[in-house]
Amino acid sequence: MITKEYRTVKQIIGPLILLEDVEGITYGELTDIKLTNGVARRGRVLEVNGDKALVQVFEGTSGLSPQDIKVKFLGKGLELGVSQDMLGRVFDGFGRPIDGGAPIIPEKWLNVNGNPMNPYARDYPNEFIQTGISTIDALNTLVRGQKLPLFSGSGLPHSRLAAQIARQATVLKTGEKFAVIFAAMGITFEESEFFVADFQRTGAIERAVLFMNLADDPAIERIAVPRLALTAAEFLAYEKAMHVLVILTDLTNYCEALREISAARKEVPGRRGYPGYLYTDLSTIYERAGRIKGKTGSITQIPVLTMPEDDKTHPIPDLTGYITEGQVIISRPIHAQGIYPPVDVLPSLSRLKDKGIGKGKTRDDHANVMNQLYSAYARGKNAKELAVVLGESALSETDILYVKFSDAFEDRFVRQGEHENRTIEESLALGWELLGMLPRSELKRIRDEYIDQYYPKKG
Amino acid sequence: MSTDQGTVIKVSGPLVVARGLTGARMYEMVRVGELKLFGEIIEIRGDDYSIQVYEETEGIGPGQPVFRTGEALAVELGPGLIRSIYDGVQRPLDVLQRDFGDFIVRGAERPALDRAHVWDFVPVANVGDRVEPGDVLGTVQESKLVLHKIMVPQGKGGTVKKIGAVQGNIETEVAVIETAAGPASINMIQRWAVREGRPVKRKMPPVDPLTTGQRVIDMLFPMAQGGTACVPGPFGSGKTVVQHQLAKWANTEIVVYVGCGERGNEMTDVLMEFPHLKDPKSGEPLMERTVMVANTSNMPVAAREASVFTGITIAEYFRDMGYSVALMADSTSRWAEAMREISGRLEEMPGEEGYPAYLGSRIAGFYERSGYVVCQGSDGRQGSLSLIGAVSPPGGDLSEPVVQATLRVVKVFWGLDDKLAFARHFPAINWLTSYSLYQEVVDRFCNEKLDPDWEKHRKRAMALLQREAELEELVRLVGMDALAADDRLLMQAAKMIREDFLHQNAFDDRDSYTSLKKQIALLAAILHYYDDARAALGAGAELNPLLKLEVLDDVAKAKLIAEDQLGQFDELKTRISAAIRDLPRY
Ligand SMILES: Nc1ncnc2c1ncn2[C@@H]1O[C@H](COP(=O)(O)OP(=O)(O)O)[C@@H](O)[C@H]1O
Ligand SMILES: [Mg+2]
């Protein structure tokens with residue numbers, strides 16, 4: 001079949017172009033866009049109506065003029081050529097190598113949208129991943145196949161935390177194949193360099209695949225980036241039996257690109273101008289984490305997003321939280337106290353923790369200790385708020401103990417070094433040590449047998 | 001004039017517009033494009049037929065054919081539903097996985113009910129019987145828990161001409177009925193268009209409690225068989241856990257669980273757990289009474305819109321057999337969003353927050369399909385269908401359209417509170433804002449059948465919690481020490497109700513389910529402490545020792561007393577009284 005070239009662009013609206021008099025075009029088709037000066041861009045069909053096609057241009061439309069463009073429809077959607085040789089390589093936001101290395105010879109081409117995993121094929125994520133970070137391992141446990149985002153704000157150390165997780169994450173088993181996939185969407189050069197340098201220093205780069213769309217790269221390309229990354233991840237996980245950790249940062253930039261397109265299409269906006277289908281769209285990214293029955297590999301996702309105005313109810317974190325299996329919240333006030341990692345424990349949550357902890361996985365007392373630490377910390381924080389209004393004197397003796405507990409908790413349990421890799425036993429032992437500040441009778445969430453075994457003996 | 005084929009003229013995401021489908025009707029199923037994707041006509045304007053497509057539409061374009069089927073979107077009903085897991089348009093996900101692999105590919109199609117399975121049909125009706133629609137012709141033991149009733153389909157009333165014991169698959173003839181239109185061969189399958197409710201003889205107000213084993217629900221905000229309830233709350237507040245707990249422990253005979261636009265792993269969780277969990281009544285695996293519909297968030301959005309209807313039609317079918325059925329939908333907000341997305345693509349005039357103007361009537365229409373009913377058929381059997389919908393408001397804001405439309409129609413509101421969830425108080429059902437309009441019905445039932453003090457105890461517990469909230473305001477201003485001794489004792493009692501009674505860990509196998517008997521015993525023990533302590537205080541006892549009794553640790557752990565050891569609650573009360581009596585003389 002000869003593919004026809006069209007010079008019938010009639011409108012350019014934001015990142016979109018509208019062509020007329022086209023024929024045989026299908027929804028979702030990829031297009032080649034050529035300028036007369038030879039510059040090439042790529043697009044995707046967003047809508048076909050009779051002989052009209054609306055195309056989103058990944059590199060944006062700046063500099064385009066209707067008279068100046070030739071468009072070729074490629075008869076297929078956006079595909080990524082995948083191969084095990086992608087490991088150790090760096091690609092741009094369109095999957096082209098940018099590290100000066102040889103081109104990848106694909107084992108196969110895969111449509112980047114993937115197909116939804118059959119819920120019946122899923123295997124429940126229940127293997128504990130030790131990140132070495134107490135607030136995650138002990139309280140918001142990460143398991144293989146989970147999607148656990150970092151909700152952060154601009155200027156907070158989410159990148160350092162994400163890198164620390166990537167560096168330290170291990171499953172308490174050996175001899176398995178790992179890979180890290182890093183997808184940058186609109187982050188700064190410095191931020192991305194931080195990850196690259198860290199991967200290089202630790203040698204992780206050898207088993208990493210990087211997709212880079214930086215702040216000065218085309219915004220609309222960000223819509224493709226997570227899909228490329230996850231297509232590579234699915235290939236490595238399910239066809240090469242690797243355990244893949246995918247870091248996606250920053251989803252806020254992704255959502256902004258989506259909003260830009262929606263606005264250009266004059267769609268009825270949902271909350272704060274984001275499209276009504278933002279939830280569905282995000283789910284097609286996040287739900288690509290998981291495990292499959294009978295397959296060795298897995299995909300674990302750590303998406304990072306910066307909450308506009310630190311507002312958790314903003315549509316991006318809100319809809320993310322509705323899809324992901326929990327969230328780790330990075331807090332500005334705790335950061336201001338000089339605590340790293342500034343994880344706000346109370347609103348953080350790992351929904352899959354219950355299946356990944358306990359006897360044979362971490363330790364039998366883990367669930368109880370976790371619940372007790374939470375409620376004790378919550379009570380201490382409440383008491384502290386009360387003390388702010390009424391003064392210390394208004395607190396009961398027990399409340400004062402709780403206040404002391406919560407201070408110590410932040411200072412010793414939450415705070416840890418950027419290169420401090422605590423085992424789960426160390427984290428739990430620290431938890432018990434802190435619970436030792438409270439009388440035994442306060443430990444209502446812990447079974448007697450565990451208290452007998454672990455509660456610190458006084459004196 | 002009518003045609004059986006048309007042509008695509010427009011594709012925008014899940015919405016396709018076709019021309020030339022003359023004669024096609026609203027909600028008729030069609031096949032779109034060379035790939036023959038599943039779709040449904042949802043709007044007709046002149047010769048433009050708008051179709052929502054249940055599969056990804058990439059690769060579909062103008063000029064491609066659209067084929068009519070002549071049928072409305074319908075589900076297959078018959079033996080084999082139990083233990084199944086379907087997508088939103090009733091494709092069997094287990095079979096798709098077996099035949100097409102781990103990912104759902106387009107054009108994958110398999111019948112909803114297994115044609116290979118051989119069932120034992122045992123006749124109930126006899127040759128010569130006059131039967132009407134809904135009458136039971138015979139039965140099939142579908143699972144250990146479910147005796148499937150093969151009923152006379154709509155429009156097939158008449159005289160039984162032929163019937164007998166049959167072994168065969170669902171397509172095997174089990175009876176012949178002489179109808180006004182001639183003899184009708186009856187097999188074990190019915191089809192029903194999902195957007196239409198299945199008829200009943202009569203609806204009645206609910207009278208029986210739907211118990212859940214969840215203390216805060218059964219005791220404070222109870223549900224009734226045939227009733228409606230909603231569970232709104234921000235993410236992480238516990239909607240899904242509440243829905244799962246209900247699916248596990250509700251005392252209904254059938255459970256239909258609809259995962260509508262939520263997480264894949266949550267369906268896996270049910271699939272993996274239910275075969276191992278035992279129904280408290282029968283001791284059989286819970287899967288033996290469960291049907292699942294799973295259209296997760298990443299699956300096509302139009303099929304998500306349909307999933308709720310698919311689920312409720314299956315649920316109605318079991319209700320028609322005379323069973324008590326509960327349907328959980330998690331989450332109705334995702335269903336509403338699917339409607340919004342399709343409506344946006346249709347360029348309909350948007351209502352509030354972009355939702356279509358008919359949002360309220362669709363939600364009401366869904367909940368209206370609930371009820372405690374006299375079923376179709378001449379034997380007067382009764383069935384019930386209870387509906388419990390999770391609602392996921394953006395940012396937890398209850399003033400948004402889906403919550404508001406839901407609250408206008410449901411009778412029970414379990415409001416989840418993220419503050420409680422942060423403090424790991426689960427279930428995070430806010431006891432001050434939640435309500436149940438079935439309270440009287442359930443009080444009456446429980447007073448009579450369970451414990452004459454049910455209502456009294458419940459009211460006292462509620463009053464204590466409300467008074468606690470008022471006192472807390474005061475404490476915030478003046479501090480705990482400024483409270484009078486009896487108020488401080490009240491605060492203690494309320495705290496015990498919260499922590500030792502309402503708090504319930506779904507993941508602790510001893511705490512996950514509590515029978516009504518144990519619930520009332522536990523609450524009675526706490527109130528017993530309060531009464532004795534108050535009397536002591538009145539007689540001049542000191543407050544502090546009363547607040548610090550060692551026996552209170554036993555009260556805190558009483559929720560773990562085994563169901564077959566309820567006698568321990570009497571001992572506990574005796575010990576409480578003794579401990580208070582033994583305080584240094586006052
Ligand atoms: N009854 C409960 N017992 C123990 N933990 C609970 C309970 N309800 C909720 N949780 C905790 O809260 C988390 C979030 O609950 P979930 O039902 O998934 O929230 P939602 O559906 O509202 O987003 C769960 O993963 C679990 O850790
Ligand atoms: Mg949920």
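Rings of Phe, Tyr and Trp, the last represented by its six-membered ring, are taken as a pair if their centres lie within 6.5 Å, and planes under 30 degrees apart count as stacked. Applied to this predicted model, that criterion gives a count of 21 aromatic pairs over all chains. One of these involves Phe405(A) and Phe409(A), whose ring centres are 5.8 Å apart and whose planes meet at 25 degrees, so the pair is stacked. Both residues belong to helix H11 of chain A, which spans residues 397-414, and they are separated by 4 residues, or about one turn of the helix. Phe405(A) is buried, its relative accessible area being 0%, and Phe409(A) likewise counts as buried at 0% relative accessibility.

A stacked arrangement is also found for Trp432(A) and Tyr454(A), because their ring centres are 5.6 Å apart with the planes at 25 degrees. This pair links distant parts of the chain, with Trp432(A) located in helix H12 (residues 424-435) of chain A and Tyr454(A) in helix H13 (residues 448-454) of chain A, 22 residues apart. Trp432(A) has a relative accessible area of 2% and is therefore buried. Elsewhere in chain A, ring pairs join Phe182(A), Phe194(A), Phe195(A) and Phe199(A) into a cluster.

In chain A, the ring of Tyr120(A) has the charged end of Lys293(A) over it, at 4.0 Å from the ring centre. In chain B, Arg31(B) is placed over the face of Phe38(B), with a distance of 4.4 Å to the centre of the ring.

Definitions and conventions:
Residues numbered from 1 in each chain as written. Chains lettered and ligands numbered in written order. Predicted model: local features only at pLDDT ≥ 70, side-chain atom pairs only at ≥ 80, totals over all residues. Heavy atoms only, no water. Phe/Tyr/Trp six-rings, centres within 6.5 Å; stacked < 30°, edge-to-face > 60°. Helix = DSSP H or I, 4+ residues; strand = E, 2+ residues; numbered from the N terminus. Buried < 20%, exposed > 50% of the residue type's maximum accessible area, 1.4 Å probe, protein only. Lys NZ or Arg CZ within 6 Å of the ring centre and 35° of its normal.
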